[in-house]
Amino acid sequence: MGKSKMGLNRCHNFQEFRRLAKQRLPSPIFHYIDGAADDELTYKRNTAAFDDVDLVPNVLAGVEDVDMSVTVMGQKLDMPLYCAPTALQRLFHHDGERAVAKAASKFGTMFGVSSLATVSVEDIAEIADTPKMFQFYFHKDRGLNDALLQRAKDAKFDVMALTVDTITGGNRERDLKTGFTSPPRLTPSSIISFATHPMWAWNFLTKPKFDMPHLSGYVSEGTNLAVSVGEYFSTMLDQSMNWKDAEKLCRDWDGQFALKGIMSVEDAKRAVDIGCTGIMVSNHGGRQLDGSRAPFDQLAEICDAVGDKIDVVCEGGIQRGTHALKALSMGAKAVSGGRLYLYALAAAGQQGVERALNNFRTEIERDMKLMGIARLDQLSRENLRSR
Ligand SMILES: Cc1cc2nc3c(=O)[nH]c(=O)nc-3n(C[C@H](O)[C@H](O)[C@H](O)COP(=O)(O)O)c2cc1C
C-alpha cells in the first residue's frame with residue numbers, strides 16, 4: 001500500500017483531509033486554499049452558521065430505499081452536493097481539474113470549471129459525462145470574454161455561472177505573507193517550502209507545463225507571468241460590470257445561467273428579472289468581503305423571495321452531510337463547495353476527491369434515514385429549529 005493510500009484511508013471527514021493536504025502541499029499553496037480575507041471572520045461563520053440551527057428528526061418512516069437525487073438548473077444530480085469551480089487545480093495536484101471531473105462523473109454530480117482552470121474546457125468535455133458548469137470571469141478584454149463563452153458553448157457545458165463577487169480582489173493576508181503567486185515564484189522562504197515537499201515539486205516540474213489555457217493568447221505577458229490572484233482580479237477584470245452586462249451574457253449564453261455570489265434579496269430578485277435560472281448564495285468562501293453574512297444565515301430570506309422562481313444553491317462552509325440537509329430544509333435546491341473537495345484533491349488526486357464525495361454521499365444517506373425521509377423534497381423548515 002502506497003504512502004498516499006495509507007494517509008487517505010484515515011480521512012473520514014473534512015478536517016482529516018485538511019490535515020493531510022497541509023502535510024502534502026508547500027505552505028504557500030496550502031494557505032492559498034485554506035485562507036480567506038482579512039480576519040477570516042466570515043470564513044469561520046460560513047460553517048459555524050449551521051450550528052445555530054438544529055435538525056428535528058421523525059421516526060418509523062420506512063426508509064430502506066433512499067433517493068438523494070435532485071434537479072438543479074435543469075441538471076439531474078445523483079446527490080445534492082456538487083464541486084464549485086475553483087482556480088489553478090494543477091497546483092494542488094498534478095492531475096488538477098481532470099481528477100475532479102472524473103471523480104464527479106463517478107458520483108453522478110456536477111462540477112465547475114473556472115475561467116482560471118489549468119485544463120481546458122475541450123479536454124474536460126472529453127472525459128466527463130456528468131453535468132458541467134463553466135465559471136465566467138468578466139474581463140476588460142471583450143475578445144477574451146467572447147472566446148470564453150464560445151468555447152464553453154462548443155464544449156457543450158450545461159450551466160454558465162457568472163461570478164459577481166470578485167469585482168476587486170479580497171485582502172488575503174496569508175497570500176501576502178507567503179508571497180503566493182501563480183505559477184509559484186521562488187523566494188527564499190518558498191524555496192524551503194518547495195524543497196521540503198519534494199514529491200509535490202517533482203510532480204510540478206516533470207508533468208506537462210503549467211498553463212491557464214482559457215487565458216493564453218489574451219494575456220499579453222502570457223499566462224506564465226507570476227501574478228497573485230488578487231492582482232488578476234484587480235487588473236484584468238472589468239470593474240464597470242453591471243446588470244446590463246450580466247443580462248447580455250445571460251442572453252448570449254441562451255441556456256442555464258446563474259449568478260455566483262448573490263447575498264441580498266434585492267439582487268436575487270434582479271437575477272430573476274434578467275432571466276437567470278439559478279443563483280449561488282455565496283461569499284466566495286469568505287475570500288472577498290470579510291464581515292459579510294454567511295450563505296446559510298441569508299438563505300431563508302432569499303428562498304422566501306425567489307425560491308419558487310429560480311434554483312437557489314447554498315455555497316460555502318459545507319463540511320458535513322447534515323449541513324447539506326439543513327440548507328435543503330431551508331429551501332436550497334442543492335449545496336456546493338470548494339474546500340470540501342480541494343483538500344482531498346491535494347491529499348490524493350482523483351482517489352482523494354472520490355473518497356471525499358463518497359464520505360458525503362454516505363453521510364447524506366445515513367442522515368436522511370435518521371431524519372426519517374426517503375426523498376429530499378420531504379425536507380422543510382418544519383424539521384428545523386433555531387437555537
Ligand atoms: C482555492 C480556491 C479557489 C477558488 N477559485 C475560484 C474561481 O476561480 N472562480 C470562482 O468563481 N470561485 C472560486 N472560488 C470560490 C468557490 O467557487 C466557492 O465559492 C467557495 O470555495 C465556497 O466556499 P468553501 O470553500 O467553504 O466551500 C475558489 C475557492 C477556493 C477555496
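A residue counts as buried when its relative accessible area is under 20%. F210, at 6%, is therefore buried. Keep in mind that this is a predicted model.

The rings of F204 and F210 pair up, and because their planes sit at 45 degrees, with centres 5.8 Å apart, the pair is tilted. Y232 and F233 make another tilted pair, and both Y232 and F233 are buried. Here are the two pairs side by side.

| Ring pair | Centre to centre | Angle between planes |
|---|---|---|
| F204 and F210 | 5.8 Å | 45 degrees |
| Y232 and F233 | 5.8 Å | 55 degrees |

Across the model, the count of aromatic pairs comes to 12. Ring pairs also tie F194, W200, F204 and F210 together into a cluster.

Some rings have a charge over the face. R287 sits over Y32, 4.9 Å from the ring centre, and K132 does likewise over F157, at 5.9 Å.

Now for P28, which belongs to helix α3, spanning residues 27-34. With a relative accessible area of 5%, P28 is buried. Which residues does P28 touch once its neighbours within four places in sequence are set aside? The contacts are T178, F180, S190 and S193. P28 also pairs up in space with R174: the two are 146 residues apart in sequence, yet their C-alpha atoms are 8.2 Å apart.

Notes. Residues numbered from 1 in each chain as written. Predicted model: local features only at pLDDT ≥ 70, side-chain atom pairs only at ≥ 80, totals over all residues. Heavy atoms only, no water. Helix = DSSP H or I, 4+ residues; strand = E, 2+ residues; numbered from the N terminus. Buried < 20%, exposed > 50% of the residue type's maximum accessible area, 1.4 Å probe, protein only. Contact = heavy atoms within 4.5 Å. Phe/Tyr/Trp six-rings, centres within 6.5 Å; stacked < 30°, edge-to-face > 60°. Lys NZ or Arg CZ within 6 Å of the ring centre and 35° of its normal.
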